[in-house]
Amino acid sequence: MIIAIDGPSGAGKSTLGKMLAKEFGLLYLDTGAMYRAAALAVIKKGVSLEDREKVAEIAENAKIELVGEPDSMQVLLDGEDVSAEIRTPDVATAASVVSTISDVRKIMVDHQRAIGESAAKGCVLEGRDIGSVVFPNADIKFFLTAKPEARARRRFAEDQAKGRATSYEKTLDEINKRDERDVSRSDSPLTIPQNATVIDTSELELNDVFELMILKVKALAAGSTAG
């Protein structure tokens with residue numbers, strides 16, 4: 001079973017993706033973490049994000065691994081645990097630039113498909129082009145969205161909890177800029193995939209969204225069994 005979860009930054013994709021993977025015993029793949037790791041590799045090499053050819057070369061040669069259970073997944077870059085390092089605002093901004101480069105996206109999509117297809121029981125993948133590009137024939141597609149202000153509040157609260165110095169205003173500005181880059185890029189822009197279940201999480205509690213998603217997955221499983 002392949003479950004695709006797409007949506008803008010801060011809509012709850014990562015948290016809910018991990019919860020679903022754990023609930024149904026599936027592999028969890030945070031594609032955003034892969035782009036962040038690639039961006040970090042570029043930053044560590046001191047290469048300009050404008051040098052698209054060099055950025056793609058670094059992304060192709062970087063060894064990016066996601067290991068462990070959904071709740072405690074580690075992101076390894078060339079064997080080094082960079083799980084915390086890739087969550088900084090600077091790396092997030094760099095990742096949103098790196099992800100607009102077509103050659104980088106092709107490298108990542110090939111990698112994501114290989115991981116998803118090799119998963120014994122199936123995989124939950126979340127990102128911005130999973131149901132539209134990576135797995136257009138996914139068994140279930142979700143598109144999670146929320147108002148920018150709601151997403152900024154959540155992201156700001158997360159950063160505060162982790163001791164990161166930022167402000168709500170700055171976080172909202174970053175969310176809006178990220179949205180603009182995601183929807184306007186020429187290669188695989190953020191879009192609602194065909195046949196996706198759209199859930200606006202702005203006014204919903206996390207567990208409410210989770211229950212909606214579980215019902216959808218169980219309904220599909222029941223239908224498959226019946227068939």
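Predicted model: local features only at pLDDT ≥ 70, side-chain atom pairs only at ≥ 80, totals over all residues.
In what order do the five strands of the open sheet with parallel pairing stand?

**View 1. The parallel sheet of five strands.** The strand order in this open sheet is β2-β6-β1-β7-β8, and the pairing is parallel. At its edges stand β2 (27-30) and β8 (197-200), each of which pairs on one side only. On average, neighbouring strands of the sheet are turned by 20° against each other when direction is ignored. Strand β7, comprising residues 140-145, is joined to β8 in the parallel sense by four bridges. Within this pairing, Phe 142 has Thr 197 of β8 as its bridge partner.

**View 2. Lys 141 in strand β7.** Lys 141 belongs to strand β7. Is this residue, Lys 141, buried or exposed? With a relative accessible area of 9%, Lys 141 falls under the 20% limit for burial and is therefore classed as buried. When residues up to four places away in sequence are not counted, Lys 141 touches Ala 4, Gly 131, Phe 135, Pro 136, Pro 193, Gln 194, Asn 195, Ala 196 and Thr 197. One of these, Thr 197, is also the bridge partner of Phe 142 in β8. The C-alpha atoms of Lys 141 and Leu 125 are 9.8 Å apart in space, and the two residues are 16 residues apart in sequence.

**View 3. Helix α5 and Gln 112.** Helix α5 lies across β1, β2 and β6, and runs at about 170° to β2. Gln 112 is a residue of this helix, α5. The relative accessible area of Gln 112 is 0%, so the residue is buried. Leaving aside neighbours within four places in sequence, Gln 112 is in contact with Leu 29, Thr 31, Met 34, Tyr 35, Leu 125, Ile 130, Val 134 and Phe 135.

**View 4. The antiparallel sheet of three strands.** A further open sheet is formed by three strands in the order β3-β4-β5, with antiparallel pairing. Both β3 (64-67) and β5 (80-81) are edge strands with a single partner strand, so one side of each lacks a neighbour in the sheet. Four antiparallel bridges connect β3 to strand β4, residues 74-77. Leu 66 is placed opposite Val 75 in β4. The hairpin of β3 and β4 has six residues between the strands, and Gly 68 in the turn has a positive phi of about 100°. The antiparallel pairing of β4 with β5 rests on two bridges, and Leu 77 has Glu 80 in β5 as its bridge partner. Two residues separate the strands in the hairpin of β4 and β5, where Asp 78 takes a positive phi near 50°.

View 5. Helix α2, residues 31-45, lies across β3, β4 and β5 and runs at about 35° to β4. Helix α2 also packs with helix α4 (residues 89-98), at an angle of about 100° and with the axes 8 Å apart. The two helices, α2 and α4, are therefore roughly perpendicular. The contact brings Tyr 35, Arg 36, Ala 39, Leu 40 and Ile 43 of α2 together with Val 91, Ala 92, Ala 94, Ala 95 and Val 98 of α4. By class, the residues of this contact comprise nine nonpolar, no polar and one charged.

View 6. In soluble globular proteins, nonpolar side chains tend to be buried together. The largest nonpolar core of the model holds 38 residues, and those with the most contacts inside it are Val 55, Ile 64, Leu 77, Ile 86, Val 104, Met 108 and Leu 125. Two or more residues each are supplied to this core by β1 (2-6), α2, α3 (52-61), β4, α4, α5 (102-118), β6 (123-127) and α6 (130-134). Which element gives the largest share of this core? Helix α2 does, with nine residues. For Val 55, the contacts beyond its neighbours within four places in sequence are Val 42, Val 47, Ser 48, Leu 49, Val 98, Ile 101 and Val 104.

Technical notes. Residues numbered from 1 in each chain as written. Heavy atoms only, no water. Pairing = 2+ DSSP bridges. Contact = heavy atoms within 4.5 Å. Axes fitted to C-alpha atoms, helices over the stretch in contact; angles between N-to-C directions. Parallel < 35°, antiparallel > 145°, perpendicular 65-115°, else oblique. Nonpolar A, V, L, I, M, F, W, Y, C, P; charged D, E, K, R; others polar. Core = buried A, V, L, I, M, F, W, Y, C linked by side-chain atoms within 4.5 Å. Buried < 20%, exposed > 50% of the residue type's maximum accessible area, 1.4 Å probe, protein only.
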